[in-house]
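Student: Please pick one part of this chain and look at it closely with me. Then show me how it connects to the rest.

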Amino acid sequence: MSKLRNGLAGILALVMLLGSQAINAAAIIANPAALNFGPQEIFTSSPSQQITLTRIDIELTGAAVDIQSLSVTAGFIENNNCPAQLTSTNPSCTVNVSSVPGAVGFYNGTFQVNYQDASTNVAGSDTVALTG
C-alpha cells in the first residue's frame, strides 16, 4: 500500500507543480517496491520474481498509458508480457526479473519503467530496487 501511496503522491505533486495549468495524467505504478534475490552462483540465473505494472488513472479520464521502455541494470535480466500500452480494459502486466551475477559479490540495481500518458503526453517513470 505504501508503494501505491507514493505513486499517487507523485502524480498529485505533478498536478500541483503545474499549478493552474494542471492536467489530468494517467500513470504506471510498479509493485512491489523492492526485490531481494539473495545469494546466487555467478553466471547462473536465479528463479524469477514478479513485478506488476498497473495503470493508475486518478481523474478517471480513461487515458491510455504508453510504455516507453522497461530496463534493468547489469546483473539482472527481465522478460515481460507487457503490451505497448496499458488501457482501462488492459490495465496491468507482469515483468519477471532474475538475478544473473557476472562476478562474486553483492549486486544492487534497479528495474525502471518509463511511460507517457497517451492523451496529454505527460511522461513519468517508476523504479523497483533490486538486490542480489
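Tutor: Start at P32, which lies in the loop between β1 and β2. Helices and strands here are DSSP runs, numbered from the N terminus; a helix (H or I) needs at least four residues and a strand (E) at least two. The peptide bond from N31 to P32 is cis, with omega near 10°.

Some ground rules. This is a predicted model, where local features need pLDDT of at least 70, side-chain atom pairs count only at pLDDT 80 or more, and totals for chains, interfaces and linings use all residues. Residues are numbered from 1 along each chain as its sequence is written, and side-chain values use heavy atoms, without hydrogens or water.

How far can you trust it? The score pLDDT is the predictor's confidence in each residue, from 0 to 100. The chain averages 84, and 80% of the residues score at least 70. Residues 9-23 fall below 50; beyond near neighbours in sequence, that stretch has 11 contacts in the model. A contact means heavy atoms within 4.5 Å.

Now step from P32 to I51. Setting aside residues up to four places away in sequence, I51 touches N31 and P32, and also A30, L35, C93, T94, V95, V97, F111 and V128. I51 belongs to the largest nonpolar core, which has 24 residues. Such a core is a set of buried Ala, Val, Leu, Ile, Met, Phe, Trp, Tyr and Cys residues joined through side-chain atoms within 4.5 Å. Buried means under 20% relative accessible area, exposed means over 50%, and partly exposed is in between (1.4 Å probe, protein chains only). I51, L53 and F111 have the most contacts inside the core. The elements that give it two or more residues are β1 (27-31), β3 (49-56), β4 (65-72), β7 (92-99), β8 (108-117) and β9 (123-131).

Step back to the whole chain. There are one helix and nine strands. Of the 132 residues, 33% are buried. Take the contacts between residues at least 6 apart in sequence: 64% of them join residues at least 24 apart.

Next, the sheet. Strands of a sheet pair through backbone hydrogen bonds, either parallel or antiparallel. Two strands pair if DSSP finds at least two bridges between them. Five strands form an open sheet in the order β2-β9-β8-β4-β6, with mixed pairing. β2 and β6 (85-86) stand at the edges with a single partner strand each, so one side of each has no neighbour in the sheet.

Walk through the pairs. Nine bridges join β8 to β9, which run antiparallel. β4 and β8 are also antiparallel, over seven bridges. β4 and β6 run antiparallel too, joined by two bridges, and D66 stands opposite Q85 in β6. Look at Y115: in β8, this residue stands opposite I67, and its bridge partner in β9 is G124.

β8 and β9 form a hairpin with five residues between them. N121 sits in that loop. N121 has a positive phi of about 65° although it is not a glycine. Its relative accessible area is 52%, so N121 counts as exposed.

F43 also has a positive phi, near 65°, in a residue other than glycine. This phenylalanine lies in the loop between β2 (34-36) and β3. F43 counts as exposed because its relative accessibility is 62%. Leaving aside neighbours within four places in sequence, F43 is in contact with V100, P101 and G102. F43 and V104 are 61 residues apart in sequence, yet 9.7 Å apart in space, C-alpha to C-alpha.

End with S98, in strand β7. S98 is buried because its relative accessible area is 7%. The S98 side chain reaches the backbone oxygen of S46 at 3.3 Å. Apart from residues up to four places away in sequence, S98 touches F37, S45, S46, P47, S48, G75, F76 and I77.

How values were computed. A polar contact is a pair of N or O atoms within 3.5 Å; within protein, one must be able to donate a hydrogen and the other to accept it, and residues adjacent in sequence count only if both atoms are side-chain atoms.
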